[in-house]
Amino acid sequence: MSKRAAVSVRKNRVEMEALPHQCTKEMCEDIIKDTDEDAEEEFPQPIPWQKIEAEGLDCDYSLLFSKVEADRIFYQLEDEVEYFTGDKAKVQVFGKLHSVPRQQATYGDEGLMYSFSGVHLLARPWTPTLEYVRDAVTNVTGQTFNFVLINRYKDGLDHIGEHRDDERELDTTCPIASVSFGAARDFIFRHSDVRGGQKKRKIKPVKLELAHGSLLLMNPPTNTYWYHSLPVRKKVKIPRINLTFRHIVQGHKSTIKRE
Ligand SMILES: O=C(O)CCC(=O)C(=O)O
């Protein structure tokens, strides 16, 4: 993987200031003004990656955006992203529709469809901010992406249950690039062999905290062996937006646009 970097990152882990649930441009500009005194530091190229490895798990983690830039992207996403409503905001479990405990949206190249848990989500056209983040990820990884799934968590009660990103339309040779903005949240990997009644082996979970402006690359074969989740964290009172950039295989039958 080529790790060319064209972006600046701050040296220390960045924490987001308290943002209200809906951060308008003006509110976020005020927050940004307050943080202007924090001089941005440039890392020597390439950006520093942290390798996270376990049996069958291969991830790279880095701070991709400075706090100032991550704040700006956060409020632009708040302005631009349209989340699904109605049945598109639900998943099917044992044939019944359930609301998801977060908001979701999908963007990408024309006609791409992503299907999971009984829902079929058609990609909306890329917005300027999503293209900007996608290109920043491509710049530091050398990987190209044609689709992004967006999850918005209004606070620590919103969450995502344990799952693998193993849908058939995903290109399994391409890493999934997860970029986070807003509240820092715990992210937990669990090996498939320790799940369920059988608990075949003892393998420790891998726990990370995904910071504001961070990039987590989940490289193959991570998604074959490890499930991941973003658990409830009641103390978290501010929102978070997560973008998972993916590569969908064009022409796969589930990517065909359906009415
Ligand atoms: O919000 C996150 O960090 C996790 C999102 C996720 O698990 C997914 O998009 O599959």
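The model is predicted, with local features requiring pLDDT of at least 70 and side-chain atom pairs counted only at pLDDT 80 or more, while totals for chains, interfaces and linings use all residues. Residues are numbered from 1 along each chain as its sequence is written.

Around the ligand sit L149, N151, I160, D165, S178, F187, L210, H228, L230, N242 and T244, where being near a molecule means that the C-beta atom, placed from the backbone, lies within 6 Å of it. Two or more residues of this shell come from each of β9 (147-153), β15 (226-230) and β16 (240-246); strands are DSSP runs of E with at least two residues, numbered from the N terminus. By class, the shell holds five nonpolar, five polar and one charged residues, with Ala, Val, Leu, Ile, Met, Phe, Trp, Tyr, Cys and Pro counted as nonpolar, Asp, Glu, Lys and Arg as charged, and the others, Gly among them, as polar.

The unreviewed UniProt entry lists F94, G95, K96, Y114, S115, F116 and D166 under "binding site"; such annotations may be inferred rather than shown by experiment, and positions follow the numbering used here, with feature names shortened. S115 lies in strand β6 (residues 113-116), and F116 has its place in strand β6 too. S115 counts as partly exposed because it has 16 C-beta neighbours inside 10 Å, and F116 counts as partly exposed with 17. Here, buried means 20 or more other C-beta atoms within 10 Å of a residue's own, exposed means 12 or fewer, and partly exposed lies in between, with C-beta atoms placed from the backbone.

Q50 has Y61 in β2 as its bridge partner. Two residues separate the strands, and G56 in the turn has a positive phi of about 75°.

How values were computed: Helix = DSSP H or I, 4+ residues; strand = E, 2+ residues; numbered from the N terminus. Pairing = 2+ DSSP bridges.
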